[in-house]
Amino acid sequence: MDFKTNKPIYMQIVDLCFGKILTGEWKDDERIPSVRELGASLQVNPNTAMRAFEYMQAEDVIYIKRGMGYYVQKNARKQIVKLQKEEFFKDVLPEAFRTMLLLNIDINEIVEKYESYKNEQS
Amino acid sequence: MIQISNLSFYYKKSAPIFEGVTLQIKSGIYGLLGENGVGKTSLLHIISGLRFPKSGSCNVCGYESYKRKPGMLSQLFFLPEEFNTPSESISTYAKLNGVFYPNFKQSELDEYLDIFQVDRQKKMTQMSFGQKKKAMIAFAIAANTPVLLLDEPTNGLDIPSKSQFRKIISSVSTSDKSIVISTHQVRDLENLIDPIIILDRNQVLLNNTVEEITQKLHFTYSATKPQDSLYCEQILQGYSAVSENVDNEESILNIESLFSAVVLNKEKIKNIFNN
């Protein structure tokens, strides 16, 4: 895996796991790979993988069964969408705004593009 | 697991390598970094009992390392950067040497040799440098010693082997193992090593976990040149810089920048980390 330079590695691992849950590769109440397995397959320090698991557990996306491993929480998808939406408004959008100001792009132009994009998709 | 106290060492009295060095190594995958000639290999030699402290002590698993007690030697494996092997296959080598390591596992050795695609019947003296190195890395890891010292393990490894090496090291690291990897190839091991030790002439500049480092220092990438940075370098995307993490921001460690920042600001870095 090629890691980006602007986001902590453990959060990039979280994103990867979120992706697997959103696409349905990991299903509700199913066991996911262990910290050790995931750490090894991504070739990162096990502590980094552990931090990603701790974050997901704290955010109620996965839960631990003692002696069994980690499982996907019911409603994990809903929780992930909520978290990623927060991140979008906190990090992605301000970056886009910054570029808009820099390039003098009007919001109406964006709305126009957005509408035609939506039409293309449907 | 390794406690070095007030260690002094020199080859020539006029050119000391270590002066009053104190260093503790616990469990984890330690990255041992330092410029050429600062004494990385000498330190590994002292830990493994191959060289003796001129003063001070080096305690490994409860033993003074210079005494080379069997109790310590069975708990430690040191793989030098370059080495000569006996004229035998890795299978024979393991049969004869595995007995010295109480936790040595033949099944693990077989697994790692398969992953590295090493011929287990071929005499190691007839192998290429890389093949020989992979055979001995496989043995070193399969010995399952609480202390594992690897001097430049990725030198000579081909591209797929480096990635296999990272996978294996990540999978065997446990809370009762100290793995110390001395290296210049930080890009090979960037996301693997934690904590990080940076050696300088005579002293230890840094011995901290990645979490501690990113709490104290902030690694940034920006289009404009940042003010008051400890280290700044022009890259394709703009500037890669290291500064003191005053606003407690989260960032991702760049070992190469860290190294330059530490070497260029020795005193300042010490102050930042001692506060």
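**Entry 1: Val14(A)**

I note here that the model is a predicted one.

I placed Val14(A) in helix 1 of chain A, which covers residues 9-22. Next I looked up which residues Val14(A) touches, leaving aside its neighbours within four places in sequence. I found Ala52(A), Tyr55(A) and Met56(A). For Ala52(A) I also took the C-alpha separation from Val14(A), and I got 5.5 Å for two residues that are 38 residues apart along the chain.

**Entry 2: where chain B touches chain A**

I then turned to the contact between the chains. I found 13 residues of chain B in contact with 16 residues of chain A. I asked which element of chain B gives the largest share of its side. That element is helix 6 of chain B (residues 159-172), with 5 residues. I sorted the chain B side by class and wrote down 4 nonpolar, 5 polar and 4 charged residues.

**Entry 3: strand 9 of chain B**

I looked up strand 9 of chain B, residues 196-200, and found 4 of its 5 residues buried. I checked its pairing with two strands.

- With strand 3 of chain B (residues 28-34), strand 9 pairs in the parallel sense over 4 bridges. I noted Ile198(B) in strand 9 as the bridge partner of Leu33(B).
- With strand 10 of chain B (residues 203-208), strand 9 runs antiparallel, and 5 bridges join the two. I noted Gln203(B) in strand 10 as the bridge partner of Asp200(B).

I wrote down the division of chain B into domain 1 (2-208) and domain 2 (210-274). I took the centres of the two domains over C-alpha atoms and found them 29 Å apart.

How many residues of domain 1 of chain B are in contact with domain 2 of chain B? I found 10, and they meet 10 residues of domain 2. The strands of the previous entry come up again here: strand 9 and strand 10 of chain B each supply at least two residues of the domain 1 side. By class, I listed that side as 6 nonpolar, 1 polar and 3 charged residues.

Methods:
Residues are numbered from 1 along each chain as its sequence is written. Chains are lettered from A and ligands numbered from 1 in the order in which they are written. This is a predicted model: local features need pLDDT of at least 70, side-chain atom pairs count only at pLDDT 80 or more; totals for chains, interfaces and linings use all residues. Two residues are in contact if their C-beta atoms, placed from the backbone, lie within 7 Å. Ala, Val, Leu, Ile, Met, Phe, Trp, Tyr, Cys and Pro count as nonpolar, Asp, Glu, Lys and Arg as charged, and the others, Gly among them, as polar. A residue is buried if 20 or more other C-beta atoms lie within 10 Å of its own, exposed if 12 or fewer, and partly exposed in between; C-beta atoms are placed from the backbone. Two strands pair if DSSP finds at least two bridges between them. Domain bounds come from an automatic or database domain assignment.
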